[in-house]
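Subject: Structure handover

Dear colleague,

I am passing on the structure below, followed by notes on what turned up in it. Please read the notes with the model open beside you.

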Amino acid sequence: MADQTTNAAKTAEADKGYWAANVRIILISLVIWAVVSFGFGILLRPMLSGIRVGGSDLGFWFAQQGSILVFLALIFFYAFRMNKLDREYGVEEE
């Protein structure tokens, strides 16, 4: 009986750690995406207007293409990091 209670407590603790790490990765990714898309593309655009990239200013580039490329990079980062996290907690797919 005590072994079942101990195993259940360990499993619950591992589940909490897994989801805490998962939520932390998601929040960091969302903050990066918000800073790049909203911050660089809208709020900081006047400050970035003097830097030229591909024939337009850097703020316009972030608003049109940079945020999309960062979003794609974040998708690959999330998949890579979650696969690593799954292996750490023993919940990887077979």
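Which residues form one aromatic cluster? Y18, W19 and Y89 do, where rings of Phe, Tyr and Trp (its six-membered ring) pair if their centres lie within 6.5 Å.

This is a predicted model, in which local features need pLDDT of at least 70 and side-chain atom pairs count only at pLDDT 80 or more, while totals for chains, interfaces and linings use all residues. Residues are numbered from 1 along each chain as its sequence is written, and side-chain values use heavy atoms, with hydrogens and water left out.

The whole structure holds 5 aromatic pairs. In one of them, F40 and F62 lie 4.8 Å centre to centre with 50° between the planes, a tilted arrangement (under 30 degrees counts as stacked, over 60 as edge-to-face, the rest as tilted). This pair links distant parts of the chain, since F40 belongs to helix α1 (residues 2-43) and F62 to helix α3 (residues 58-89), 22 residues apart; helices are DSSP runs of H or I, at least four residues, numbered from the N terminus. F62 is buried because its relative accessible area is 14%, whereas F40, at 26%, counts as partly exposed (buried is under 20%, exposed over 50%, partly exposed in between, with a 1.4 Å probe and protein chains only).

An unreviewed UniProt entry annotates residues 25-48 and 60-80 as "transmembrane region", though such annotations may be inferred rather than shown by experiment. Residues 25-48 are 96% helix, and residues 60-80 are 100% helix.

Best wishes

Note on methods:
Helix = DSSP H or I, 4+ residues; strand = E, 2+ residues; numbered from the N terminus.
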